[in-house]
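Please open the model in a viewer and keep the sequence panel beside it.

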Amino acid sequence: MEKGTTEPIDRNLLLTLYREMLQLREFELKVQELYRRGLLPGFVHLYVGEEAVAVGVCSNLQPTDLIYSTHRGHGHALAKGVPGREVLAELWGKTTSSSGGRGGSMHMYAPEYGFMGTNGIVGAGIPLATGSALSAQLRKTGQVVVTFFGDGAVNSGSFHEGLNFGAVWNLPVVYVCENNLYATEMAFRRATKNTSVQSRAAAYKIPGVEVDGSDVLAVHAAARAAIDQARSGGGPTLIEAKTYRFVGHHEGDPGTAYRTREEVEEWKSRCPIRTFREKLLKNEGATLESVEQIEREVQQWIEAAVQFARESPEPAPSTVCDHVYS
Amino acid sequence: MPEQLREISYVDAGVEALREEMRRDSTIVYIGQGIGPRGGNFRQTRGLCQEFGEERLRDTGICELGATGVAIGAAMAGSRAIVDEVFLDFSLEAMTQIIQQAANICYSSNGKIHAPVVVRSAMGAVRNAGPHHSHCFYGWYASTPGLKVVTPATPYDVKGLLKSSLRENCPVIFIEHKALYNTKGMIPDGEYLVPLGEARVHREGRDITLVGISKMLNIALEAAAALEKDGISAEVVDPRTIVPLDRPRIAASIKKTGRLAVIDEAPAMCGFAGEVVALACEECFDALDGPPLRICSLPVPSPFSPPLESQVIPSVERVVKEVRKLMEN
């Protein structure tokens, strides 16, 4: 099928895409540091290396549009507009985030930003997003719903049943597979015979698009076409973004037992942020000064987020039974 | 002037509840297999598609996991959804969505996201359907925080509880009994609601409290009538909803009679009957004149052959025999 194609794009948007990708990267590296220092409870799955997908997709969305995320979801939350300090407060189990510390990394919700949740169950967001798209269609809200999932989800029943519903009811939903080639340690080529995720779209008679998930402009263009189609009543699209996590499956997994050093280095050499920075300076006429200013601001942003989250209050034990039933 | 009563069947009482609520709330969408023009496998949606159209009555293929996830997702986004699993047995295909998603969302989101979804199905051993169409799995849902579990026994309760369930903001597991669909009962002409969490005393008595939900209410009532001939006065209580459980009303009855037998179509292990027995021990210990009884289905998969199936489910004879034995001690 056709690849995502790039088109002329204004300078402000380019710098915004760079800023957002850098925010996602610096955020995750800070989370890694805090986690290793023993400050964050629970488990974290970092998005390092995959930033161009979340940013490329979400930069096309309206605040009222909805997204469903995965266990590797901090980047999706940030890209959808959830403030970094709130995401970090949630990872810290503090009360100042939207979920008030009740959810943590894998169960984080911020509906006021259209962020309908990370998810600890692989594939579970696919039917949920499809249902939210049904609600949008029935209530004529004009919303588009995007669901992210990894290659680990596409052999599950949730993938098949969700896409089938989205297709047969022509719902305003976009299915974005972040194919990072490994489900935990299981190589995609060992898990399935057909390793082209986008080709599965044909089974549901919807468009399938493969895109370089390290190229934010390619992702942006592919997502824009899919989102426009969904919003105008044209139904769902399956986007397969080829990507790679530069880190292990979760913090604590070195990620090297099942991947060769050469493979990791090869993907790192195509780092979505560094290559985009070079492109900005070389081809797009951005000044070094403007890029470096963004980099300074992102550092200030993450430091402020850390301070906010660290100083935020913990939940009162007496609230443990609140919100079980609504 | 007293309100007019009229007779209606258990299944039609459900249809009436749906019709009234779908007229009242335009965001309700009903999702499930065969619930559109066909009117439901048990006629449980008969006529609704003609009134509300296929936009709001969404027929699906056989894919409970996806259909249930879609219903929950619709509810999270601002609709109110019913997903019909048809048989309670089939809801197991969707259990991860019900338990891991719907039940958790309000709590994990700090009350920001609600999932007002009614998961509807029918349970129970009827006409030797065998182990894939007969089970009573309500205990699994009742042990999950975040879910309410409703098990109506009469047409009056089907209508009143289904209407209330459709106004809840949390997920409700609404379980009817296949053997009750054709039973009849009286309901008022006007609108009424039955709140979740209110038990009903169907028969007053002095000597023992019989607790039964769904079809087991009828077994309890028949057993009570038989026991009366022996001079045993049984009080019969239907909790109507397992979650929330009306502990005060059940406890009051046990304190009054001093004895308890719970009749349960599910097996005893970790189940509803054990929960009511625990309630008796925790709240009525000093009032008990004998050990609380669990009269449950035998711990076997539902068998096919009629003489085997009839052995499994608590019968009037079994209840009468066990209660007599208890009263002799």
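## Stop 1

Select A:Lys205, which counts as exposed because 10 C-beta neighbours fall inside 10 Å (a residue is exposed if 12 or fewer other C-beta atoms lie within 10 Å of its own, buried if 20 or more do, and partly exposed in between, with C-beta atoms placed from the backbone). This is a predicted model, in which local features need pLDDT of at least 70 and side-chain atom pairs count only at pLDDT 80 or more, while totals for chains, interfaces and linings use all residues. Residues are numbered from 1 along each chain as its sequence is written, and chains are lettered from A and ligands numbered from 1 in the order in which they are written.

A:Lys205 belongs to the loop between helix 7 (188–191) and strand 6 (208–212) of chain A, where helices (H or I, at least four residues) and strands (E, at least two) are DSSP runs numbered from the N terminus. The phi of A:Lys205 is near 60°, a positive value in a residue other than glycine. Most residues other than glycine have a negative phi, and most peptide bonds are trans.

Now move to B:Asn110, in the loop between helix 4 and strand 5 (117–123) of chain B. Its phi is also positive, at about 60°, although B:Asn110 is not a glycine. Is B:Asn110 buried or exposed? B:Asn110 is buried, with 22 other C-beta atoms within 10 Å.

## Stop 1: a cis peptide bond

Select B:Val243 and B:Pro244, which are joined by a cis peptide bond with omega about -5°. B:Pro244 is placed in the loop between strand 12 (241–243) and helix 8 (247–257) of chain B.

## Stop 2: an enclosed strand in chain A

Select strand 2 (residues 145–150) of chain A, of which six of the six residues are buried, so that the strand is largely enclosed by the rest of the structure. In a regular strand the side chains alternate between the two faces of the sheet. Here A:Val145, A:Thr147 and A:Phe149 are buried on one side, and A:Val146, A:Phe148 and A:Gly150 are buried on the other.

## Stop 3

Select helix 2 (residues 48–56) of chain B, whose buried residues are B:Leu48, B:Cys49 and B:Phe52. They lie on the same side of helix 2 of chain B because they cover an arc of only 120° around the axis, the arc being that of the directions from the helix axis to the C-beta atoms. The face turned away from this buried side carries the exposed residues B:Gln50, B:Gly53, B:Glu54 and B:Glu55.

## Stop 4: where the chains meet

Finally, show both chains: the contact takes 34 residues from chain B and 33 residues from chain A, two residues being in contact if their C-beta atoms, placed from the backbone, lie within 7 Å. On the side of chain B that touches chain A, the largest share, 10 residues, comes from helix 3 of chain B. The predictor gives the complex an ipTM of 0.96 and a pTM of 0.97.
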